Amino acid sequence: APGSRLRWRITVQPPGTDVGFSLLRQMGDGALPMVEAYRRCGGTEECPVIGVTTIAEPGTYVLFFDNSFSWITPKVVSYTVIVTTGGSADPSPRAGGAAPGPSPEVAPEDVAGALLRAQREQQEDAAASPPAEGADE
């Protein structure tokens, strides 16, 4: 709900390993605009990463983890997400554990696949679209 606060804490083990992440909002048309910019946790970056954002629009928010730059190195990503509804002093944990995932009724592979398909489609659309008239070259 608008005015709610979404808080997260992300860690990665063992020391020296890292994972990228960003907070996205899933739109009705399948678009996935970023709510919080892409960051890395671990390696040479600060970890744990603790963040908070105030929800402006109702919808489905996705904490997207990216390990595409380091498939071979084993690691454990732990996270906690807390949603505090507007005016509520009682935060309620919504997810957490050693692997990212949405609500229990949706398989993590389904979300990851949908996110990757949506990103690929957005890139293909951008590549296929001619530049706007007057655009810098």
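**Sheet.** I looked up the strand order first. In this predicted model, 3 strands form an open sheet, and the order is β3-β2-β5. I noted the pairing as antiparallel. Next I asked which strands sit at the edges. They are β3, residues 34–42, and β5, residues 60–66. Each of these pairs on one side only. I then took the twist: from one strand to the next, it averages 15°.

**β2 with β3.** How many bridges join these two strands? I found 6 between β2, which covers residues 18–26, and β3. The two strands run antiparallel.

**Aromatic rings.** I searched the whole structure for aromatic pairs and got 1. The partners are F65 and Y79. Their ring centres lie 5.6 Å apart, and the planes make an angle of 45°. What does the pair tie together? F65 belongs to strand β5 and Y79 to strand β6, residues 76–84, so the contact links parts 14 residues apart in sequence.

**Charge over a ring.** Last, I looked at R40. Where does R40 lie relative to F69? R40 lies over the face of F69. I noted a distance of 3.6 Å from the ring centre.

How values were computed. Residues numbered from 1 in each chain as written. Predicted model: local features only at pLDDT ≥ 70, side-chain atom pairs only at ≥ 80, totals over all residues. Heavy atoms only, no water. Pairing = 2+ DSSP bridges. Helix = DSSP H or I, 4+ residues; strand = E, 2+ residues; numbered from the N terminus. Axes fitted to C-alpha atoms, helices over the stretch in contact; angles between N-to-C directions. Phe/Tyr/Trp six-rings, centres within 6.5 Å; stacked < 30°, edge-to-face > 60°. Lys NZ or Arg CZ within 6 Å of the ring centre and 35° of its normal.
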